[in-house]
Amino acid sequence: MTLTPLASDNAVDDDPRRYEHLSTIRLEDPDAVARAAKARRRHPGVKAGRQNFIVAADHPARGALSVGNDPVAMADRRQLLDRLQIALANPAVDGVLASPDIMDDLLLLGALDGKLVFGSMNRGGLSGLVNEFDDRFTGHTAAALKELGADGGKMLTRICLGDPDTVATLEATARAIDSLAERKLIAMVEPFLSVRENGRVRNDLSTNAVIKSIAIAEGLGSTSAYTWMKLPVVAEMERVMAATTMPTVLLGGDPDGSQDEVFATWGAALALPGVQGLTVGRALLYPADGDVAGAVAAAASLLHHTTEIPEN
């Protein structure tokens with residue numbers, strides 16, 4: 001996939017100094033992040049019958065900067081913030097999933113008012129790292145998320161049966177689920193059965209592998225009361241969704257097919273019981289045609305809403 005710059009109707013100020021004020025605030029008034037979090041208007045809350053749309057922006061913290069055939073597509077923080085603000089400006093977008101650095105930028109920009117906020121908790125399993133499966137919790141903590149007024153935390157849970165680091169990751173994930181539950185925060189668990197091939201980690205996206213990953217992940221922690229699943233859209237999604245009673249959001253990943261093909265698979269999966277919405281990042285923030293607003297609007301049109309969120 002070849003990327004083009006932002007489309008002309010995604011109007012942004014391209015002044016290279018446009019985010020310089022963020023550096024100034026961080027230098028002179030770092031407490032401004034906490035004040036912005038405290039002053040932020042919260043989302044009215046998740047409801048059955050109303051699917052949620054969350055934009056994911058935690059890839060760079062794991063060194064995963066590529067989109068399509070561009071290995072550094074997500075490297076420019078100004079471009080990423082531009083694209084995130086375009087996405088979040090759509091009222092159909094309920095919130096964001098982000099690493100602490102990006103979350104703090106968005107708080108300072110006032111871009112998270114009325115939005116769901118999920119922090120990214122484990123980013124230690126860097127892309128390409130020799131011990132990538134030792135995915136340590138180097139991001140948000142449950143205590144920090146509670147202090148920020150966040151709605152929950154997300155954890156990537158890759159399970160490699162041939163790698164001894166997997167057990168440590170599972171144990172850390174279980175502890176994080178418990179820590180979030182103690183604070184009545186959502187634990188968004190993103191499980192995969194994974195293997196290492198030719199020095200690279202590959203997630204097994206076969207239907208049976210996804211089902212097995214769910215079975216393992218939903219049993220982590222001393223309670224599942226606050227646990228959600230974050231799952232890929234694969235073949236036979238009916239079987240996949242039959243494997244869990246937990247609220248589930250669908251992830252987008254870095255798609256290989258055309259946008260129309262990807263959206264068609266999302267639409268079919270969103271119609272299944274238990275699916276609470278989409279949590280998508282690169283596919284919408286970096287569409288091949290550069291039209292972020294158009295990609296976000298098209299994805300939003302796939303969501304099912306049978307109940308209305310009351311206005312504050």
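Author: A residue is called buried when its relative accessible area is under 20%, exposed when it is over 50%, and partly exposed in between, with a 1.4 Å probe and protein chains only. In this structure, both F118 and W228 are buried. The model is a predicted one, in which local features need pLDDT of at least 70, side-chain atom pairs count only at pLDDT 80 or more, and totals for chains, interfaces and linings use all residues. Residues are numbered from 1 along each chain as its sequence is written, and side-chain values use heavy atoms, with hydrogens and water left out.

Reader: How many aromatic pairs does the structure hold?

Author: Rings of Phe, Tyr and Trp (for Trp, the six-membered ring) form a pair if their centres lie within 6.5 Å; planes under 30 degrees apart count as stacked, over 60 as edge-to-face, and the rest as tilted. The structure holds 2 such pairs. For F118 and W228, the ring centres are 6.1 Å apart and the planes stand at 45°, so this pair is tilted.

Reader: Which strands hold F118 and W228?

Author: Helices (H or I, at least four residues) and strands (E, at least two) are DSSP runs, numbered from the N terminus. F118 belongs to strand β3 (residues 116–120) and W228 to strand β7 (residues 227–232), so the pair ties together parts that are 110 residues apart in sequence.

Reader: Which residues have the most contacts inside the largest nonpolar core?

Author: In soluble globular proteins, nonpolar side chains tend to be buried together. A nonpolar core is defined here as a set of buried Ala, Val, Leu, Ile, Met, Phe, Trp, Tyr and Cys residues joined through side-chain atoms within 4.5 Å. The largest one has 79 residues, and F53, L106, W266, L278 and L284 have the most contacts inside it. Helix α3 (residues 77–88) gives the most to this core, with 6 residues. A second, separate core of 9 residues includes L116, F118, I186 and M188.

Reader: Which residues is F53 in contact with?

Author: Contact means heavy atoms within 4.5 Å. Leaving aside neighbours within four places in sequence, F53 is in contact with residues including A92, V93, L278, L284, V296 and L303.

Reader: What lines the largest cavity?

Author: On a 1 Å grid over the protein atoms alone, a cavity is a set of points where a 1.4 Å probe fits but cannot get out, and lining residues have an atom within 4 Å of a point. Grid points are joined across faces, edges and corners, and a volume is the space filled by probe spheres set on the points. By this rule there is 1 cavity of 30 Å³ or more, and the volume of the largest cavity is about 30 Å³. Its lining consists of R40, M103, L107, V117, L148, G149 and A150. As to classes, Ala, Val, Leu, Ile, Met, Phe, Trp, Tyr, Cys and Pro count as nonpolar, Asp, Glu, Lys and Arg as charged, and the others, Gly among them, as polar. The lining then has 5 nonpolar, 1 polar and 1 charged residues.

Reader: What is the phi of N198?

Author: Most residues other than glycine have a negative phi. Phi of N198, however, is near 55°, a positive value in a residue other than glycine. N198 lies in the loop between β5 (186–197) and β6 (200–203), and it is exposed, with a relative accessible area of 83%. Phi of E236 is also positive, near 55°; E236 is found in the loop between β7 and α8 and is partly exposed at 43%.

Reader: Where does R62 lie?

Author: R62 is in the loop between β1 (52–57) and α3, and at 14% relative accessibility it counts as buried. Beyond neighbours within four places in sequence, its contacts include R123, G125, E132 and R158. The C-alpha atoms of R62 and L129 are separated by 9.7 Å, although the two residues are 67 residues apart along the chain. L129 itself lies in the loop between β3 and α5 (142–148) and is partly exposed, at 28%.

Technical notes: 1 Å grid on protein atoms, 1.4 Å probe; cavity = no way out; pocket = protein on both sides within 12 Å on 5 of 7 lines; lining within 4 Å.
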